[in-house]
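Please read this short report alongside the sequence and the structure shown below. It takes up disulfide links and the packing of helices in turn.

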Amino acid sequence: GHFGSSMAEASAEVNPFSCKDFHVLLDARNASSLGQSVVHVDEPILIASMMDVEVSGFVFASTRTKCKKIFELMCHGGHVHVRRTMFCDGNPVRRTKKVIGDTAGWEVCSSGRSGGRLVVEAPLLHGDTLTVNQGAPVQCLWVRRALFREVAAFEESLKKMQESSTGVLLPDSLAGSSSAWQMHTKRETDREQLQLADSLESSAHFAFVDRCLDEQVNIVAHVGAFFPSTSVLSYQFDNGQGWDRVVARLKKVDPKQHTACVSEYRLECPRNEAGYRHAAIIQYDSCCVGEDCEVYSLDPASTVGYIQTHSLEAGVQWQVCADGQDFETLHTEVALEHGQVVFSQGAQLVGLREDSARGCISAGVSAGQALLVETYDRCPEWLKTGAEAYYHFDSFFGNQISAKALGKAKDSPKLPSDVFDRYTTFMYGLMVHVSLRPYSQSFMSARERMGVPTLKRPLNKVRVYETACPIEEIDRMDNYTGGTLTSATQTCAFLVARNLDIHDDVSPEDQAAGRNTWRDAEQKNLTKAEWMLSFFSPYENAAGEPVFPDAPFSYSAAFRSPSNIWDDRMEFELAFQGIGAHRTKALTAPVSAGGETAVFTSDLSVFGTPALEKRDPAFASWGAQLFLTKEGMPVMVKLKGEEVWKHTASEEEWQYAKFVWRSTLMNGVTLVDHLWFTHFGMANLMSTASRETLDPNHPARRYLAIFTWGTPSVNHGAVHQLAGAKAVLHRMTPFKDFGVVSQAATDLVGSLESYFDVFEGDKVGELDPLLQASPFYQDGADFFKVVAKFADGFFEVFKPRWCTGEHLTDPQLVHFVDYMAASLGEVRKETTKEQMEWLGLVAPNPTSPSTRYTCKGFNKLLRVLTFTVTGWHRHVGTVSHLMRDPELTSASWIEGQRSGAPRQVMLMALIVATTGFTNPKLGQNNFGFMFEGLARSPHADTRAEFQVKELSAELERSMRELSRVVDGRNEQRTFPYLQMHPNYVENSVAV
């Protein structure tokens, strides 16, 4: 179920006999020279033969026979193998195969007990010179997969040699393969371009480059029938703490020569050639001479053995063995367990006994992170070239092929080519027809879609900048019961699309040429909103819902005139009644001009920082500060430091300034408060920390499973569609370097105190009366009290088990908090201490490491986390009513224009559609079933299980009562506020 292996399996399933994406390096040496060759494997290729091989033993009894071995490269199951065949008396008697991987190569030499003369069957070059002729004897031949640079270098050498008319006769595997090399060279260029925008090449500095990307390593000993093991987390070998990183010690003593040699094998995390830190075993050696010599100091060996070549390739990849001969001893330097049997640190596993069995200690990565850009290398070439060919073929036939394949509705409009470029067309088909239309779970109950946890283990992750999200799920989600969240083919489809060039077509020249304009909408006499929705309206999902979410009301109908003049009440609704309420603050001092006075502000000017460089100068910048009167009406907007007052500005200037603020509000809240803080921050931490640190039958794991349901899945999708360079979010926004955007979003995330102290500290009554009347604060305070009561009651049930006095002493919960704190600190160390202090988590006088956290602080953390992923998420994440009209808000726009360009608007609409799935609501479900069987665990008893089920029933009753209260308030409001309405609030961020 790991990413690398599933990718290979998927590739093999699609075309099991293709190895066209595989070049093999042959490296040989003879007595006086060396040389290399690169071969392309389609048909079996003879690469070497060995003559006069003497064979004896069970096959030929007591006779000794001279045989011949041939070595061929062959393709099978999408992999290249070395096939060795032995011929004796002209008949094949034995055949074996060895898979050739990226670094796991194969070698054969002419020396050995069996004798034999090794002959190479391909000409070999050294630089631009032919050094080993085909058929020449060699000492050794080494075979492995060729790197991109080696393919390109060999191609260049071959061209130079051919140009010099050396007259070398090349085998078929080399002749005429220039196009294949060009394909590989182009692939490397594409990968480098992608990495330029998505990795260390960004001008932003990322903290993750200073951390180990392998999160957990398994150490296993093989001692007879025992296989004791332990798991080591990255912080234990990344900073030299814990057990000093030593895994094993091998000692060899020669009493005759009075020598002793010791090798220590240390688990560390050095940087590889690409600049990333990965787990590796580094060998330290030293020897001494003398009758009573002892080895004290060790020197590092010259080689570093990385446990993994690619992130997420798990398994045993390093080992050291001893067989007890020649006074050889093997010790474990970490404590290992096998059931009730414990091998303590320093225990001798093998040695000093003549009958001692062979023993080994091995290491393998069990969980790690892959950079999203790295996964592109694993995508099969057929998908990349095939997608290109399919697009051109489909375009030639007016998209009729894709329309038939995807089941396009007859009344669905044709995709205008000046708006739908290759990327937009691809994502429209993928999102609407592959993702949205098949969705059928909208009206299923929580019990039907969820299940109690069954596993605890580290999760493999994919990383984009500072965000690392699981690529797998171990909890039940609908009919999904575990494994990778997307198939290799789906993942590669996203990556292939991301690798397409960005075409904004917003420059004056592009617009004058009719590219990416609203001409199609004008010809159809449609408003921009109507035109955008026309591409979604013909379709419903399998549950009968529109694929583009319905809105309970229309701001456009209420506040927009036919001439696109927006009433100032629109800004009042957003700043006080809607998504911007939490960002509206009272000014420390009023601001006045021309008889107008502002006492409130919504300051979003930080989003206009020059560091957020634009891809095209025609794009406008984000950033604006709105000033409002005591009645909440807008009177001034500050753009780029310039004050635009209503009483002095022209109608067009005023309307444009308000549009910039509205769009910046929607974009800023979506980017920072919704995506980076709620999804990639708190929800991601909750889901990964609970799955990796808490047993499936731990009460806190059951509780958190309710509120993290589906989180890995939705965040994994967001990583591919939103977080990376050249993905949907990047293309629909105006920014050049999305790494800088990611870093800015991380820096702009507020503290827990700034977001939630008004509710946690019951401070709503201290706000200005106009803000107190805001639905966000009015309904939000009541919603917070309900979920806080549930969290508090749950905590009280288990407090006697989890706490000793004021200290949190449950070891799994301590580990959970450690995980949360460490993850927060990796990105923003300067704020982690403040967060912990506000939560009250840090004990003032801890008596031991196990008493460093307070019970009161953990209880508060539980309240805040629950509210974050429910009511708060609904408030900052519901944008379908804001993004259904590009003249209300847009993700990007041309300077001076009051709507986005149609291509960017369509990408924005696709994001809205794919984040509008209907999932279980808190006010319509009793989640008590998530605690069934809890009494059978060592963490609870029958009474505790009964109590938490009663609390769940009480939560449902309280939510139903709150629904009635909110319904009553909404009858008095201009527009209903549904973001804290229990019948609309989901139990997690999986929307």
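Does C360 count as buried or exposed, judged by relative accessibility? At 9% relative accessibility, C360 counts as buried, a value that, like the others in this report, comes from a predicted model.

## The link of C321 and C360

C360 forms a disulfide with C321, and the sulfur atoms of the two residues are 1.9 Å apart. The torsion about their S-S bond is about 105 degrees, so this disulfide is right-handed. Because C321 lies in strand β18 (residues 318-322) and C360 in strand β23 (residues 359-371), the pair ties together parts that are 39 residues apart in sequence. C321 counts as buried, its relative accessibility being 18%, and the cut-off that matters here is that buried means under 20% relative accessible area.

## Further disulfides

The structure holds 4 disulfides, and one of them joins C212 to C269, with an S to S distance of 2.0 Å. Since the torsion about the S-S bond of C212 and C269 is about 90 degrees, this disulfide is right-handed. The pair links distant parts of the chain, 57 residues apart, with C212 in the loop between α3 (178-198) and β12 (214-223) and C269 in the loop between β15 (259-268) and β16 (280-289). Both C212 and C269 are buried.

A disulfide also joins C261 to C287, with an S to S distance of 1.9 Å, and this link is right-handed, with 115 degrees about the S-S bond. C261 lies in strand β15 and C287 in strand β16, so the pair ties together parts that are 26 residues apart in sequence. C261 is partly exposed, having a relative accessible area of 28%.

## Helix α16 and its packing

Two packed helices are described by the angle between their axes and by the distance between those axes. For helix α15 (residues 569-577) and helix α16 (residues 651-693), the axes come within 11 Å and cross at roughly 25 degrees, and α15 and α16 are therefore roughly parallel to each other. M570, E571, L574 and A575 of α15 make the contact with K658, W661, R662 and L665 of α16, and these residues divide into 5 nonpolar, no polar and 3 charged.

Helix α16 also packs with helix α20 (residues 738-748), at an angle of about 85 degrees and with the axes 9 Å apart, which makes α16 roughly perpendicular to α20. On the side of α16 this contact is made by L671, V672 and W676, while the residues of α20 are F738, V741, S742, A745, T746 and L748. By class, the contact of α16 with α20 has 7 nonpolar, 2 polar and no charged residues.

Methods. Residues are numbered from 1 along each chain as its sequence is written. This is a predicted model: local features need pLDDT of at least 70, side-chain atom pairs count only at pLDDT 80 or more; totals for chains, interfaces and linings use all residues. Side-chain values use heavy atoms; hydrogens and water are left out. Axes are lines fitted to C-alpha atoms, for helices over the stretch in contact, and angles run from 0 to 180 degrees between N-to-C directions. Helices (H or I, at least four residues) and strands (E, at least two) are DSSP runs, numbered from the N terminus. Angles under 35 degrees count as roughly parallel, over 145 as roughly antiparallel, 65 to 115 as roughly perpendicular and the rest as oblique. Contact means heavy atoms within 4.5 Å. Ala, Val, Leu, Ile, Met, Phe, Trp, Tyr, Cys and Pro count as nonpolar, Asp, Glu, Lys and Arg as charged, and the others, Gly among them, as polar. A disulfide is a pair of cysteine sulfur atoms within 2.5 Å. Buried means under 20% relative accessible area, exposed over 50%, partly exposed in between (1.4 Å probe, protein chains only).
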